[in-house]
Amino acid sequence: MRSDAAAAAGYLNAGGGADSLGAAGRRADAVPAAGATPVAAAPVQGERADAASAQGERADAPGRPGGAPTRPAAGAAAPVARAPTPTPEPVVPATDFDALREQVLQCTACGLCQGRRHAVFGMGARPARWMVVGEAPGEQEDRQGLPFVGRSGQLLDAMLSAVGMSREKDVFIANVIKCRPPGNRNPKPEEIAACSPYLKRQIELIRPERILVLGRFAAQTLLGTDATIGSLRGRQHVWTMDDGHRIPVVVSYHPAYLLRSPVEKARAWQDLQLAMALA
């Protein structure tokens, strides 16, 4: 395995970042930049990027002069009451890994299935020493049906390689949400509720030694918190399975964010070293 210095140099220079090895030596308790995803930053192609939605905006129509009520046209049909939309049945994930994969690929538990090209189950080694959990598929992931492709995937591979790991031999990669949200918007609560049982079952079946969570949304969802990513990274968390088995969890920045803010690669390198050091 390469020395720590050589590994850090290769990782910090990956993905077109402008960092130098010296940045990796900054203190681990340095205050991170405010916000893990600057609003003004342009999203990386093929990756999720938080975007404001205009769906909740009111579209007020002008009324009649003087505020007089509008009368219905003569002979107009009375509005027809619509039947309530049935609530989907809770997902019961399969207990076999291959059956679980097929269940995810065919899933219609929420509305995201209507606009997807491919559900993204995940990929990587089995058994796996680490499990990497991201947020949701982006455009390229939706096209290819694979997690972390494009420039962000290349940077993730460089991050793993810097600590002697690879997605082919040591790591299984999955997302909290299995289908791409339209326009890369944040998932809705009902979409998170529909997908969460799949991720939980993946963790149970893989039983990794470590979980590395990448990005604010993934960290908040997996850990059940609304804390900022700056306050979650740099320390150990724990995922407790139903049978009581405890898995160490480390939070770090999403590779798409690191491509936009390469100065933060030094802190992400500290997170990788923390994950390696956990007993």
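1. Phe148 is placed in the loop between helix H3 (139-144) and H4; helices here are DSSP runs of H or I with at least four residues, strands are runs of E with at least two, and both are numbered from the N terminus. Although Phe148 is not a glycine, its phi is positive, at about 55 degrees. With a relative accessible area of 3%, Phe148 is buried; buried means under 20% relative accessible area, exposed over 50%, and partly exposed in between, using a 1.4 Å probe and protein chains only.

2. The model is predicted, so local features need pLDDT of at least 70 and side-chain atom pairs count only at pLDDT 80 or more, while totals for chains, interfaces and linings use all residues. Residues are numbered from 1 along each chain as its sequence is written, and side-chain values use heavy atoms, with hydrogens and water left out.

3. The chain as a whole may be described briefly. It holds nine helices and six strands. Of its 279 residues, 45% count as buried. Among contacts (heavy atoms within 4.5 Å) between residues at least 6 apart in sequence, 75% join residues at least 24 apart.

4. Asn184 belongs to the loop between strand E3 (171-175) and H5. Its relative accessibility is 11%, and Asn184 therefore counts as buried.

5. Asn175 lies in strand E3 and is buried, with a relative accessible area of 3%. The side chain of Asn175 reaches the backbone nitrogen of Glu135 at 3.4 Å. This is a polar contact, defined as a pair of N or O atoms within 3.5 Å; within protein, one atom must be able to donate a hydrogen and the other to accept it, and residues adjacent in sequence count only if both atoms are side-chain atoms. Apart from neighbours within four places in sequence, Asn175 is in contact with Val120, Gly134, Glu135, Ala136, Pro137, Pro147, Phe148 and Leu199.

6. Arg233 is found in the loop between helix H7 (229-232) and strand E5 (236-240). Is this charged residue buried or exposed? Arg233 is buried, with a relative accessible area of 7%. A polar atom of the Arg233 side chain lies 3.2 Å from the backbone oxygen of Arg267.

7. The C-alpha atoms of Leu155 and Pro255 are separated by 6.3 Å, with the two residues 100 apart along the chain. Gly153 is also found in helix H4 and is buried, with a relative accessible area of 3%. Between the C-alpha atoms of Gly153 and Ala256, 103 residues apart along the chain, the separation is 8.8 Å.

8. A cis peptide bond joins Arg126 and Pro127, with omega about 0 degrees. Pro127 lies in the loop between strand E1 (123-124) and strand E2 (130-134).

9. In soluble globular proteins, nonpolar side chains tend to be buried together. The largest nonpolar core has 64 residues, and those with the most contacts inside it are Trp130, Met131 and Ile211. H5 supplies the largest share of this core, six residues. Such a core is a set of buried Ala, Val, Leu, Ile, Met, Phe, Trp, Tyr and Cys residues joined through side-chain atoms within 4.5 Å. Not counting residues up to four places away in sequence, Ile211 touches Met131, Val133, Ile203, Leu222, Trp239, Ile247, Pro248, Val249 and Val250.

10. There are three cavities of 30 Å³ or more. A cavity is a set of points, on a 1 Å grid over the protein atoms alone, where a 1.4 Å probe fits but cannot get out, and its lining residues have an atom within 4 Å of a point. Points are joined across faces, edges and corners, and a volume is the space filled by probe spheres set on them. The second largest cavity has a volume of about 90 Å³. Of the 13 residues that line this cavity, the closest to its centre are Cys107, Cys110, Arg116, Cys179 and Cys195. Helix H5 (residues 189-206) gives the most to the lining, with three residues. The lining divides into 10 nonpolar residues, one polar and two charged; Ala, Val, Leu, Ile, Met, Phe, Trp, Tyr, Cys and Pro count as nonpolar, Asp, Glu, Lys and Arg as charged, and the others, Gly among them, as polar.

Notes
On a 1 Å grid over the protein atoms alone, a cavity is a set of points where a 1.4 Å probe fits but cannot get out, and a pocket is an open set with protein on both sides within 12 Å along at least five of seven lines; lining residues have an atom within 4 Å of a point.
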